[in-house]
Every structure is written in structure tokens, then in C-alpha cells.
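Q: Can you show me how to read aromatic pairs in a protein model? I would like the general idea, then the case at hand.

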Amino acid sequence: MQTYSNMVSGKLVEATDHQEIFNPATGASLGLAPLSQESDVDVAVEAARRAQGEWARVSDQERRAIVSRVAQVLEENAEYLAELITREQGKPLSGFGSRFEMQGCVAWTQVPAALELPPEVVHEDDTRKDVMHRVPLGVVAAIAPWNWPLMIATWQIIPAIRMGNTVVLKPSEYTPIATLEMVRLINQVLPPGVLNTVSGDGRIGAALTSHPDIDKIMFTGSESTGRKIIGASSSNLAPITLELGGNDAAVVLPGTDAGAIAEGLFWGAFLNMGQTCACIKRLYVHDDVYDAVVSALSELARKMPIGDGMNESNLIGPLQNEMQFNKVKELVADAKEQGCNVMEFGQVPEGGYFLPLTLVSEARDGLRLVDEEQFGPALPIIRYHELEEVIASANRLDAALGASVWASDTDYAQTVAAQIEAGTVWINQHGAIHPMVPFGGNKASGYGVEFGVEGLKAVTQPRIISLKK
Ligand code: TXE
């Protein structure tokens, strides 16, 4: 059985303890992932600290060149890593699956490599000149989730490295292997100590985020863990970028052509089996087009091939883990008990954490499936009549990561979008993130943004050089 290792100071370090990782589609063993001890966290943070000064002194141009080489390594190893993602995380190789995730890793590495954050003259008059430089924060703790394990780790580590920080990354305990392999591969082109890992569950995450020598925390995960991390950061005062998932509403306005939007709505909701932070998690459809939208979505769901994602004809895989599998089943069972119309589609294979694609029509606010983040392939569809009513519904929850408005009249859609509280409101698309466009949550979905120039700023601190003339 293959044993995987953490990376510290450019070397693979053998762990004393391990956990076996299984394929969520088949139950097959994938190998042994390391389990770090709290003392390993100290060693990894020390390694990152030792490497940081020299890394920060590397010229901006050279750092950009090195990050470009990281993108090349990701590209060269994309197929190997995509297969590991499929075996470990479950998303299929094809469609919006693991190859798509690897394309994202490459793009989200190339863009920071190309971006610049030059010093800025913030004030100048006859007496003085004030220039703001963006300097690295130091050692970044990155805590990654299991839904897009490599892409989200890339979002966290690449901007940090690009701007002269060093990193200690902890992958999710559900999906450590593909991430550790990615780190091993990209370490071939990084100086030792720039990117290190520790592995394990929340106990190791807590040791890392509360470590006194951490200067910045990048976190994507649940709201409850986000709150714990805020507490942990009181020991190091590290600023935090927090992406805490969402419960995105999509609003279909009256008069919209259901056929034209069905595919966008479908993948907006079922991307990665719904296990995506900015997925449509509640769909509000005007009475005028309600039946047409439900029927167009049913048509698509009926045709969607479900199964082991290593088979390239499958576009829908299993859920990643038992916790998530049980949570989605429980929320669907509750909706059924509450009198909703539960429609299940697809041939679900035996074994593995497979669930049918589920549309729940005649759903309503207050239902658990609507109010809680299901993070799975079960979409509640709520009928509405008045615009004020649906805007109040969209804004009534604490979660506010993404939202979308769907309409044939895009001018009208923009006036509606402006009234929705969310970090991003898409029009006629959902979850359409881009490496140049800042992304982050409002309200309980977190704070701080990733991507683009704003994302680079988030892993630096301003330093003003003020000259008396
Ligand atoms: O998240 P956790 P879980 C949502 C989704 C899901 C729920 C629970 O609704 O059902 O969260 O998922 C690390 N200090 N999202 O339990 O626990 C943990 O080891 C530091 C939305 O997997 O938040 C893992 O690496 N770290 C989301 C990471 O935090 C700690 C993606 C996320 O795990 C820690 C995933 C601690 N005290 C789940 N405790 C999104 N935003 O997309 C745990 N961790």
C-alpha cells in the first residue's frame, strides 16, 4: 500500500501515524496519508519561518517566474493529479470534474504570476511624498476543505507565495493525498521551505492556526470552524481570509425562457454534486415560469450519467464522505415529511456515497433543505409571485456568498441584482468565478476576498515610506 508524506523544508518527512484513505465511489483503498502531531506543526512553521526572509528578498520578477514554473508543473502533471482527485474526492474526470479542477489550478497560478502590485504614491505635495509598498506578511497558515481540494489550496497558497510569504498548508483530512502529491510536485520548482504541509483533522488545524508564529490565516470551510479560527487567531493576531460557504439563492424572473437557462441553472446547482461553496442551494422561480423551469431541469437530470468518475462517460459522481451523504439524505427526508414533492433522477450505482439527483418542488422558506446549507445534489425549488417577496427571501438568511438573477431582460435583472445581499450576484450564470475577479462572502459567509489584485493585497501588509522634501 502506498504511503504519502508531508513536505517540510523541501523534503518528504515520514510520519509516525497514518490514516487510510478510501475512494468514495468504490470503497477501494487509496493508501496511507500522514497524520501529524502537534510537534510537527512547530517544525513546519519553523521551516516556513526560516525560508521566509530569503524568499521575500527574491526579486518580484524572479518570484513571478518561479510561480509561472509552478503553473507549468501543474499543467504537466494535470492528468496524474486529476485521476487522484477523482479517486479521492469523487468528482468525475470529465465535464466540470477533476480535469476542470486542474485547469482551474493552472489558471489560478498563471494569473497571480502575471499580476503586479507596484508601490503606489498615495500622497505628494511640496513638502512630502508618501509611497505605499506592499510587503509580505510572513508565514501563512492555509486550511483547505475537501470539495475542491487542489483548486482551493491553490487559491490559498499561490497568491501568498507570489507576494513573498511562505506557507504551511493543511489539507482536509478527507482528501489529503492528491493535495500532498500536488505539493510534492510543485516543490520541485520552489526553494525549500516556501511551501510546507501538515496533515490531520481539526486538532492539527487548531494547532496551526493558533501557532504564535503565524502571520496570516487563509481558511475555506464551515462557519463553525471559521468562528473557532477567529478565536485561535487571538494568540497570533493573524489577519484572516474566511470563506465560509453559503446558501446561494437563484431568482428566476417572470417572462424568462426556461429552456435557455436550464443548463446554467442545472450546473449552477449540481456542480461537484452540489458540494461547492457558491452553488445554487435554493431556487426561487416566478409562478409564471415555475412549471416550465421544473420540467426543463427534470429533463436534464433524467439524462445525466451517474457513476464512478473514472469512467469518462459519467458526469455525476458520489458525495465525498459519509457525513455529507447522511446530511443530504436527512434534509431530503425532512422535505418529504413536510409535504414537498421530491423527484429523484438517475441510476444510482450500488456501494459508494452515491445519491440521485434530486429536485424538490413546492419547497418553501423555513424548510431545513432551504434554510441549511445542504452541500449536495438536492435542490429545493420555491414558487414566488411578487418581486419584494423574493428579494426578502433571498436576503433572509445569514449566509451571503453568492446569488444569481435569471432573466431575458438583463437591464431589469441588474436592478434586481443590486437589491440582493451577497458577495457576488451573477446574472444568467452562477458560480462563474474568474481569477481576475475578487471573490468572497458577505455576512456569515466570511470576510476578505481572494483572486485578482485584491487577493494579492490580502496576503501583504502596507508599508509606507514617507519622505520629507
Ligand atoms: O468542514 P470543516 P467539514 C460546509 C458544508 C459541510 C460543512 C462541514 O456545509 O457540510 O461545512 O464540512 C479544518 N481549526 N463546507 O466538517 O470542519 C478541517 O480539518 C482549524 C463548506 O469538512 O470546517 C478542514 O481542513 N482548522 C465549504 C477544514 O477545516 C480546522 C467547504 C474544513 O473543515 C478546525 C467544506 C479547527 N478547529 C465544507 N476544525 C466551503 N466554504 O466551500 C476543522 N478544521
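Predicted model: local features only at pLDDT ≥ 70, side-chain atom pairs only at ≥ 80, totals over all residues.

Q: Which parts of the chain does the F100 and W148 pair tie together?
A: F100 sits in helix α4 (residues 98-114), and W148 is in the loop between β7 (139-143) and α5 (149-162). The two parts are 48 residues apart in sequence, so the pair ties together separate parts.

Q: Is W148 buried or exposed?
A: Buried means under 20% relative accessible area. W148 has 4%, so W148 is buried. F100 has 30% relative accessibility and counts as partly exposed.

Q: Why is the F325 and Y353 pair called tilted?
A: Its ring planes meet at 50 degrees, with the centres 5.6 Å apart, so the pair is tilted. F325 belongs to helix α11 (residues 322-337). Y353 belongs to the loop between β14 (341-345) and β15 (357-363). F325 is buried at 13% relative accessibility, whereas Y353 is partly exposed at 27%.

Q: Which rings form a cluster?
A: Ring pairs link F96, F100, W148, F266, W267 and F270.

Q: Which residues lie over the face of a ring?
A: K91 lies over W148, at 4.2 Å from the ring centre. R383 lies over Y290, at 4.1 Å from the ring centre.

Note on methods: Residues numbered from 1 in each chain as written. Heavy atoms only, no water. Helix = DSSP H or I, 4+ residues; strand = E, 2+ residues; numbered from the N terminus. Buried < 20%, exposed > 50% of the residue type's maximum accessible area, 1.4 Å probe, protein only. Phe/Tyr/Trp six-rings, centres within 6.5 Å; stacked < 30°, edge-to-face > 60°. Lys NZ or Arg CZ within 6 Å of the ring centre and 35° of its normal.
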